[in-house]
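Please read them with the structure open.

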Amino acid sequence: MPKVLVCDSIDSAGIEILSQVAQVDIKTGLPPEELAAIVPEYDALMIRSGTRVTKEIIDAGVQLKIIGRAGVGVDNVDVPAATRKGIVVVNSPEGNTIAAAEHALALMLSLARHIPDANQSVKSGKWERKKFVGTEVYKKTLGVVGLGKIGSHVATAAKAMGMKLIAFDPFISAERADRLGCRLVDMDVLLQEADYITLHIPKTPETANIINAEALAKMKPNARIINCARGGIIDEAALAEALKNGTIGGAALDVYDSEPLGESPLTELGKEAILTPHLGASTTEAQVNVAVDVAEQIRDVLLGLPARSAVNIPGLHPDALEQLRPYLQLAETLGNLVSQLVGGRVESLNIRLQGELANNQSQPIVVAALKGLLSRALRERVNYVNASIEAQERGIRVVETRDANACDYKGSILLQAKGQSEEHEITGTLLGDGEIRITNIDGFPINVSPNQHMLFTRHRDMPGIIGKIGSLLGSFNVNIASMQVGRQIVRGDAVMVLTIDDPLPEGILEEIVKVSGIRKASTVAL
Ligand SMILES: NC(=O)C1=CN([C@@H]2O[C@H](COP(=O)(O)OP(=O)(O)OC[C@H]3O[C@@H](n4cnc5c(N)ncnc54)[C@H](O)[C@@H]3O)[C@@H](O)[C@H]2O)C=CC1
Ligand SMILES: O=C(O)C(=O)COP(=O)(O)O
């Protein structure tokens with residue numbers, strides 16, 4: 001039974017799903033050295049933001065197949081290191097959207113009405129109505145940085161409260177912003193015009209410290225900023241200084257550069273700063289959503305099925321993936337076949353998607369073909385996660401073309417692989433029942449259902465040659481399952497594909513090429 005290590009607090013609904021297919025160990029709050037010591041036993045890790053999955057942990061995780069992040073941000077996982085090792089990283093892109101958006105809104109209103117400090121004051125026996133006079137958000141301008149899932153929900157709710165909306169997000173269209181009632185502006189305009197700024201961007205090298213001393217200096221003196229996205233997007237020292245100096249009016253933070261926050265100038269501030277301990281996703285509903293979403297994906301991957309929200313595999317909607325799955329198998333088989341025909345190192349691969357496939361998303365098909373191409377050299381070490389990187393590192397030039405008018409079949413894939421001394425081309429399609437058919441080899445039409453053991457020959461089309469090969473195989477006790485010949489012109493060049501029941505015995509290939517008219521023979525094993 002596979003083993004899953006749950007490293008952070010996960011809702012029991014997720015644990016139940018995992019327990020159906022795996023032994024589940026729950027060990028939260030492990031120091032990195034202890035995690036590194038036990039990770040070799042595990043097939044899967046399930047984490048939240050509390051665990052850092054570094055390259056060291058990934059290297060130690062020799063059995064790891066999947067890392068599941070029960071939430072959105074995967075900045076605590078070394079995704080490139082996982083990809084390099086062929087480990088799938090999945091998250092739950094939508095499970096906590098509402099929770100995070102509502103927390104940002106709660107923080108905005110808390111800043112506007114000083115709720116945390118007023119609550120503290122009443123609990124300490126005081127009645128300070130004058131001290132806690134607030135401001136309305138109605139008709140104020142909210143600047144949304146990052147108009148993705150969470151930012152959009154915040155924008156919709158803020159619109160309903162009568163706020164004016166501006167947004168900065170270089171990756172979304174003005175039409176989408178328009179539909180949300182937002183005016184897209186550049187960052188400087190947003191900093192200068194907003195009364196409230198709310199951050200909903202991932203932490204990346206571009207967004208690190210995007211709110212620094214210079215940005216804070218551009219904000220209105222009474223402006224307030226909310227960070228419910230990631231620590232490190234705001235320069236915390238510069239923010240503490242700006243709040244102390246009155247450069248800006250207030251800040252509410254849920255996330256920090258280093259968590260738990262510990263000693264920080266932020267904790268010494270008054271009612272102008274509101275701090276929560278990374279609670280954005282901490283609602284009962286969101287925790288059930290993310291736990292179920294990620295546990296299902298871990299279960300599926302452990303059962304050999306694809307994950308719906310892998311961050312390091314070409315993404316496809318599950319329905320689209322289901323539709324494409326037979327073609328992925330076809331591409332992988334053709335990749336494997338063509339690499340064996342080429343023999344040595346493949347230097348370039350041309351992938352042509354034909355017929356109805358030409359209008360499809362090609363990336364998963366390309367990855368599948370590369371997986372097949374590399375499987376002879378890398379065996380089970382290559383998978384859908386690392387095939388592209390492995391191909392890139394081996395210097396394989398990949399060219400992708402499309403031909404919607406190639407209409408011999410509904411959809412077909414042509415692979416053309418070039419090695420140092422040989423170049424081969426193979427086309428395949430799917431029959432109605434999803435069965436794979438090879439329809440062309442090196443320009444010769446053929447109709448072969450690929451088999452575990454095959455023999456390919458290139459020969460001159462002349463009387464007697466097929467019989468000679470048949471008797472030769474018979475003399476080595478090789479049973480032929482099927483035989484197909486393809487030629488372009490009578491008595492010209494031809495190809496022959498034999499599917500056989502067992503691997504060819506040693507020495508027989510040498511005998512086959514001695515037969516008059518045979519130019520070349522090679523075996524292929526799937
Ligand atoms: N506090 C908490 O507990 C939670 C925090 N989060 C964090 O919230 C953030 C946003 O999450 P989602 O809305 O689900 O992500 P999303 O991917 O739907 O949206 C992110 C948006 O940021 C935009 N963006 C990326 N780089 C940008 C840049 N340099 N400048 C401006 N915009 C940029 C993207 O175009 C996208 O529209 C993530 O960092 C996530 O980790 C998410 C859930 C809970
Ligand atoms: O989903 C996210 O990105 C979050 O930040 C939530 O973090 P958490 O799962 O609550 O540790």
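1. Start with aspartate 254. An N or O atom in the side chain of aspartate 254 sits 3.0 Å from a nitrogen atom of ligand 1. Bear in mind that this is a predicted model.

2. Now look at the rest of the surroundings of ligand 1. There are 26 residues around ligand 1. Those that come nearest are Lys149, Ile150, Asp169, Cys228 and Asp254. A backbone N or O atom of lysine 149 is 2.9 Å from an oxygen atom of ligand 1. For glycine 148, a polar backbone atom lies 3.3 Å from an oxygen atom of ligand 1.

3. Which residues are around ligand 2? The list is Arg48, Ser49, Arg69, Ala70, Gly71, Val72, Gly73, Asn96, Arg230, His278 and Ala281. The side chain of serine 49 has an N or O atom 2.4 Å from an oxygen atom of ligand 2. Arginine 69 also uses its side chain: a polar atom there lies 2.8 Å from an oxygen atom of ligand 2. Valine 72 uses its backbone instead, with a polar atom 2.6 Å from an oxygen atom of ligand 2.

4. Next, helix α5 (residues 97–113) and helix α7 (residues 149–160). They pack at an angle of about 50°, and their axes are 9 Å apart. The two helices are therefore oblique to each other. The crossing of α5 and α7 is right-handed. From α5, the contact takes in Thr97, Ile98, Ala100, Ala101, Ala104 and Leu105. From α7 come Lys149, Ile150, His153, Val154 and Ala157. By type, the residues of this contact are 8 nonpolar, 2 polar and 1 charged.

5. On the α1 side, the residues are Ala13, Gly14, Ile17 and Leu18. They meet Val288, Ala291, Val292, Ala295, Glu296, Ile298 and Arg299 in α12. The contact of α1 with α12 divides into 8 nonpolar, 1 polar and 2 charged residues.

6. Two backbone details deserve a look. Which bond joins glutamate 259 and proline 260? The answer is a cis peptide bond, with omega about 0°. Proline 260 belongs to the loop between β11 (250–253) and β12 (273–275). The other detail is lysine 139. Its phi is near 70°, a positive value in a residue other than glycine. Lysine 139 is placed in the loop between α6 (115–123) and β6 (141–145).

Technical notes:
Residues are numbered from 1 along each chain as its sequence is written. Chains are lettered from A and ligands numbered from 1 in the order in which they are written. This is a predicted model: local features need pLDDT of at least 70, side-chain atom pairs count only at pLDDT 80 or more; totals for chains, interfaces and linings use all residues. Side-chain values use heavy atoms; hydrogens and water are left out. Contact means heavy atoms within 4.5 Å. Helices (H or I, at least four residues) and strands (E, at least two) are DSSP runs, numbered from the N terminus. Ala, Val, Leu, Ile, Met, Phe, Trp, Tyr, Cys and Pro count as nonpolar, Asp, Glu, Lys and Arg as charged, and the others, Gly among them, as polar. A residue is near a molecule or strand if one of its heavy atoms lies within 4 Å of it. A polar contact is a pair of N or O atoms within 3.5 Å; within protein, one must be able to donate a hydrogen and the other to accept it, and residues adjacent in sequence count only if both atoms are side-chain atoms. Axes are lines fitted to C-alpha atoms, for helices over the stretch in contact, and angles run from 0 to 180 degrees between N-to-C directions. Angles under 35 degrees count as roughly parallel, over 145 as roughly antiparallel, 65 to 115 as roughly perpendicular and the rest as oblique. A crossing is left-handed if the near helix is turned anticlockwise from the far one by less than a right angle, and right-handed if clockwise.
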